[in-house]
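The sequence and structure come first.

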Amino acid sequence: MKKKYNNLLIKFFSRPETPVLVFLFFLIFIISIFTSNFLTVANLKGILEQVVVISIIALAVNQVIYGAEIDISTGSLLAVCAFVYGLVAMETGGSWIALLASLLCGFIFGLFNGFLSTYGKVPSIIVTLGMLFILRGGLLLSNPGTVLNLIEPMRFFGMGNIFGLPVSIYCLIIVIIFYHFLSFNTLWGRNIIAIGGNPRAAVNIGLPINKVRMLSFVGSGTMCGFAAAVYLGQAGQIQATAATGFELKVIAAVVLGGTSIAGGRGSNFSPIVGALLVGVILNALTLNRIPPYYELFVLGLLILIAVSFDGFRRKLLEKDV
Amino acid sequence: MEDIVCILNNISKTFGENVFACKNVNLKLNCGEVIGLVGENGAGKSTVVKCLYGLHSPSSGSIVIADKEVLFKSPKDSEQHGVFFIPQELDLFPELTIIENLFIGKKIPRNWIGNFDWKVLEKQADEIFNNLGVSFDFYMPLKLLSAANAKLVEIARALINEAKIIIMDEPTAALTQKEVKKIFEIINNLKKKKVSFIYISHRLDEIFEIADSITVLRDGELIISDHKNKFTKSKLVQYMVGRPLDQIFYRTKNKIGKKILEVKHLSYENNFKEVNLELKKGEIVGLAGLIGAGRSELAQTIFGLRKYSSGEIYINEKKININSVNDAIKFGIAYLPEERRSQGLILPFTIIWNMTLSSIKNFTSFGYINNHEEIKFVKKSSEKFTIKGAKISSPVSQLSGGNQQKVLVAKTIATKPKIIILDEPTRGVDVGAKAEIYKIIDDLANQGNAILLISSELNEVISMSDRIYVMHEGKIKGEFQKNEFNAEKIASVSAGII
């Protein structure tokens, strides 16, 4: 009985997202002591809603990182997709066609990123860095000073409620289930982790490396399109500089959650836990009226703490196993 | 007591609960002695050595060096006490020069401007290399050296740091006969200078040649430790395995069917030229030769990993084109790569995922993986291949080398191939696991598969094969039928003497 318990404990602690999860609960505990209105249903719901956008994209980028590639174009792509969503929504007056357009836009740019990074043989960090600048630049060129304002029916994915829960949360749950299913029940989901884990072995059994990796980029692009619908739905308005620097928060969420930046190792819960951690901290800063420019500072500190904690944990595990 | 440089007292090392990597090991190393440390893979040789070298801290027991009990927290501590470890693979820095490698980790004297004073170091290095009887250009990057010379640099580095005990793990794995002789000469010289050695090797001939005494480990425990004259080769193997030698090689008679694969005039760049060979159903064909003869390249070409520049491949008398690995798999060819860790397995993956890596399509309908079927298959295979040491849901990296290899074999044949190319299927695998792998290969042939067995162990090729091709410098230089097998002849053909 004791042994079984121990095994479970070891299994739990060898999961990549565990240290951050422990840290997250610890943090929530500390914050709730100092902040009176932190542990309220309304506030927690607020945090959840806040992390939906980052989580959705981080889940997709998590797959790219599994395959030992990276996508840093998501900030600009999110903004572009949000613009597409906004423009189409204003034409049609509803949310659904706009969503389709936004998804399509993300899909196309994801495909482009993926194609260049794999068949084009350009390192993905360079491809997506270029894409990051091109998209942002394009946005600033074509819409300088434009602010889109959306009205209620176009903001379904950010403002809507079904059975008392925000639609955005449902969106996140769908994406979580989708990626969990991909990883455990589909060829593609397994292949992408295999390729990141040992590319030589993947070649030796004839895995379609380029195709699998390219699809991971298509995923991250398309999810930018999906997240854009939520993002714009929540914000209600957008200008050309929106979501600047967002791509790094996405990577931060993935890495914080314990997915290895070198590929092949990680978990689909990593980005969620990482995003929640970011969300909780930002929320605590706001509640305690700490000026927003502390945000980046704290975030950076957090990454360093989390990563060092992970090293410490590994040392403990190595001693034991 | 003066003669004894190092004593291990009841060294035990446990990983997790009740998993002993080594248990109550006692060892005495005399001044100027060479201990040959032998045992199957996973017998605990490296664990014992790592405890001595400070890479592991022993769970219980003590280490005494020069009459003083010591506690090593890291290799740096042990090196200060004169204990050096030379691992199987190169442990130095290929991009740095020889002299930089020699003095790495040491304080380097500076001249009056503040630059490193290489002149002083050169003198030291010169002295050491003279003692070893070799000379190098000190400013050559280490990567340009041959494996043997790199080994010498590692020995020299130990000597510069006044090593008293040098631990060598499979030092001759990548060396030629001549280079091995040179290394042995040096070891014998150093013995006279009161340097002691712990020499780990799978090659028993070498152990008998170089060691003064032999220590056998099995399942983490010390079985016997005695002067080498007290052992015979078969006795030693018995101690290692716990069962007699003649059971290790296993080949049952079987029927050989009609021709299934034929290769005509196959060439690939400069690696091999005009290769002709054929495989029949139910036949094990050995491919002997030295490392670098082009055997692996030939195998990889047949498997579609390389594009052949000319030649033809026939399967069942029909000419086919193999342009990719997937083509090869479709024609029923499977290939087991020689380096299981870097080319075969995905180490962070579980045993389940590794084993079905190549055959996952069999458990998939419309892209949906049937996990239940998959686990059922893996359970069956791991029982069949007696994979022991970890649960199938744990990472494959937790298994010992032999069991990892069995997972790789299981993975390779999971695609239900008809033609199986095995590239060094028993490399770095202990004797017990070898026997099990031989049995698996034998079974595969009995089921009517054609097997191409690439192996650098002559004994293995001769006992397993029905027919042998010998390759030398990219060409097939000889073909031997079962009744013509002759170790000397095959060895001389692969060396290019005949």
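## Hairpin in chain B

In this predicted model, strand β9 (residues 213-218) of chain B runs antiparallel to strand β10 (residues 221-227) of chain B, and six bridges join them. B:Arg218 in the pairing stands opposite B:Glu221 in β10(B). The two strands form a hairpin with two residues between them. In the turn, B:Asp219 has a positive phi of about 50°.

## Four-stranded sheet in chain B

Chain B also holds an open sheet of four strands in the order β12-β11-β14-β15, with antiparallel pairing. At its edges stand β12 (272-280) and β15 (318-320) of chain B; each has a single partner strand, so one side of each is left without a neighbour in the sheet. From one strand to the next, the twist averages 20°.

Within this sheet, strand β11 (residues 259-268) of chain B is joined by five bridges to strand β14 (residues 310-315) of chain B, and the two run antiparallel. Here B:Glu262 stands opposite B:Tyr314 in β14(B). Helix α9 (residues 295-302) of chain B packs on the sheet and touches β11, β12 and β14 of chain B. The direction of α9 makes about 115° with that of β11(B).

## Helix packing in chain A

Two packed helices are described by the angle between their axes and the distance between the axes. For helix α3 (residues 41-66) and helix α11 (residues 209-235) of chain A, the angle is about 175° and the axes are 8 Å apart. That angle makes α3(A) roughly antiparallel to α11(A). Among the residues that meet are A:Val52, A:Ile56 and A:Gln63 in α3(A), and A:Phe217, A:Met223 and A:Tyr231 in α11(A). The residues of this contact divide into 15 nonpolar, five polar and one charged.

Helix α5 (residues 96-118) and helix α6 (residues 124-142) of chain A pack at an angle of about 145°, with their axes 9 Å apart. The crossing of α5(A) and α6(A) is right-handed. On the α5(A) side the contact involves A:Phe109, A:Asn113, A:Leu116 and A:Ser117, which meet A:Ser124, A:Val127, A:Thr128 and A:Met131 in α6(A). By class, the residues of this contact are four nonpolar, four polar and no charged.

## Contact between the chains

How many residues of chain B are in contact with chain A? There are 25, and they are in contact with 18 residues of chain A. On the side of chain B that touches chain A, α10 (325-330), α11 (340-344) and β18 (368-369) of chain B each supply at least two residues. The residues of that side divide into 15 nonpolar, 10 polar and no charged.

Note on methods. Residues are numbered from 1 along each chain as its sequence is written. Chains are lettered from A and ligands numbered from 1 in the order in which they are written. This is a predicted model: local features need pLDDT of at least 70, side-chain atom pairs count only at pLDDT 80 or more; totals for chains, interfaces and linings use all residues. Axes are lines fitted to C-alpha atoms, for helices over the stretch in contact, and angles run from 0 to 180 degrees between N-to-C directions. Angles under 35 degrees count as roughly parallel, over 145 as roughly antiparallel, 65 to 115 as roughly perpendicular and the rest as oblique. Two residues are in contact if their C-beta atoms, placed from the backbone, lie within 7 Å. Ala, Val, Leu, Ile, Met, Phe, Trp, Tyr, Cys and Pro count as nonpolar, Asp, Glu, Lys and Arg as charged, and the others, Gly among them, as polar. A crossing is left-handed if the near helix is turned anticlockwise from the far one by less than a right angle, and right-handed if clockwise. Two strands pair if DSSP finds at least two bridges between them.
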